[in-house]
Amino acid sequence: MFVGEQPGDSEDLAGEPFVGPRGKRRIHERPRQDEILACRYWLDQEIEQLKPSAIVALGATSAATLLGSSVRVTRDRAKPFPSPLADLVTLTVHPSSILRSDPEDRAMARRQFVSDLRAIHRLIHGRQAT
């Protein structure tokens, strides 16, 4: 299960993820704490219904929501965390951050993201084998 932030206006209209990010800055404000808490109930219900074996937090907001405020995306990406939510809970960057990165940095950001996904894949399959 991948957990990110709410979709933006462009994503809502298109019915597709990551279609609206542009430029260096965020288009939408980060969700407020009361908004996060209001949605947490529904997220917990989805996790309970789906019972995923792995949860990947996409970006700082979802990482802090699922793992606490001490996690840092740049420091902790693709690192496993103990959690009652799933056998594996980890994090990586939100894909929209790659789209917002400077053009000269975008290829490297994409490679790092793909590397994270590969490391997470190994973690999942390593845990299933045991």
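**Exercise 1. In what order do the 3 strands of the open sheet stand, and is the pairing parallel or antiparallel?**

Before you start: this is a predicted model, where local features need pLDDT of at least 70 and side-chain atom pairs count only at pLDDT 80 or more, while totals for chains, interfaces and linings use all residues. Residues are numbered from 1 along each chain as its sequence is written, and side-chain values use heavy atoms, with hydrogens and water left out.

Solution. 
- Step 1: Find the elements. Helices (H or I, at least four residues) and strands (E, at least two) are DSSP runs, numbered from the N terminus.
- Step 2: Read the order, which is S1-S2-S3, with parallel pairing. Two strands pair if DSSP finds at least two bridges between them.
- Step 3: Look at the edges. S1 and S3 are the edge strands, each pairing on one side only.
- Step 4: Zoom in on S2 and S3, which pair over 5 bridges in the parallel sense. Here Ile55 has Val89 of S3 as its bridge partner.

**Exercise 2. Work out which residues of H3 are buried, and what covers them.**

Solution. 
- Step 1: Set the cut-offs. Buried means under 20% relative accessible area, exposed over 50%, and partly exposed in between (1.4 Å probe, protein chains only).
- Step 2: List the buried residues of H3: Thr61, Ser62, Ala63, Leu66 and Leu67.
- Step 3: Name the cover. It includes strand S1 (2-3), H2, S2, helix H4 (73-76) and S3.
- Step 4: Follow Leu67. Leaving aside neighbours within four places in sequence, Leu67 is in contact (heavy atoms within 4.5 Å) with Phe81, Val89 and Leu91.
- Step 5: Step past the end of the helix. H3 is followed by Gly68, whose phi is positive, near 100°.

**Exercise 3. Find the largest nonpolar core and say which element supplies its largest share.**

Solution. 
- Step 1: Know the term. A nonpolar core is a set of buried Ala, Val, Leu, Ile, Met, Phe, Trp, Tyr and Cys residues joined through side-chain atoms within 4.5 Å.
- Step 2: The largest one has 18 residues, and Ile55, Ala63, Leu66, Leu67, Val71 and Leu91 have the most contacts inside it.
- Step 3: At least two residues each come from H2 (33-50), S2 (54-58), H3 (60-67), S3 (88-92) and H6 (103-129).
- Step 4: H3 gives the largest share, 3 residues.
- Step 5: Another core, of 7 residues, lies apart, with Val56, Ala78, Leu88 and Ile120 among them.

**Exercise 4. Track down the salt bridge between Asp116 and Arg77.**

Solution. 
- Step 1: A salt bridge is a side-chain nitrogen of Lys or Arg within 4 Å of a carboxyl oxygen of Asp or Glu. The whole structure has 7.
- Step 2: The side chains of Asp116 and Arg77 meet at 2.5 Å, N to O.
- Step 3: Asp116 is in H6 and Arg77 in the loop between H4 and S3, 39 residues apart.
- Step 4: Asp116 counts as buried, at 7% relative accessibility.
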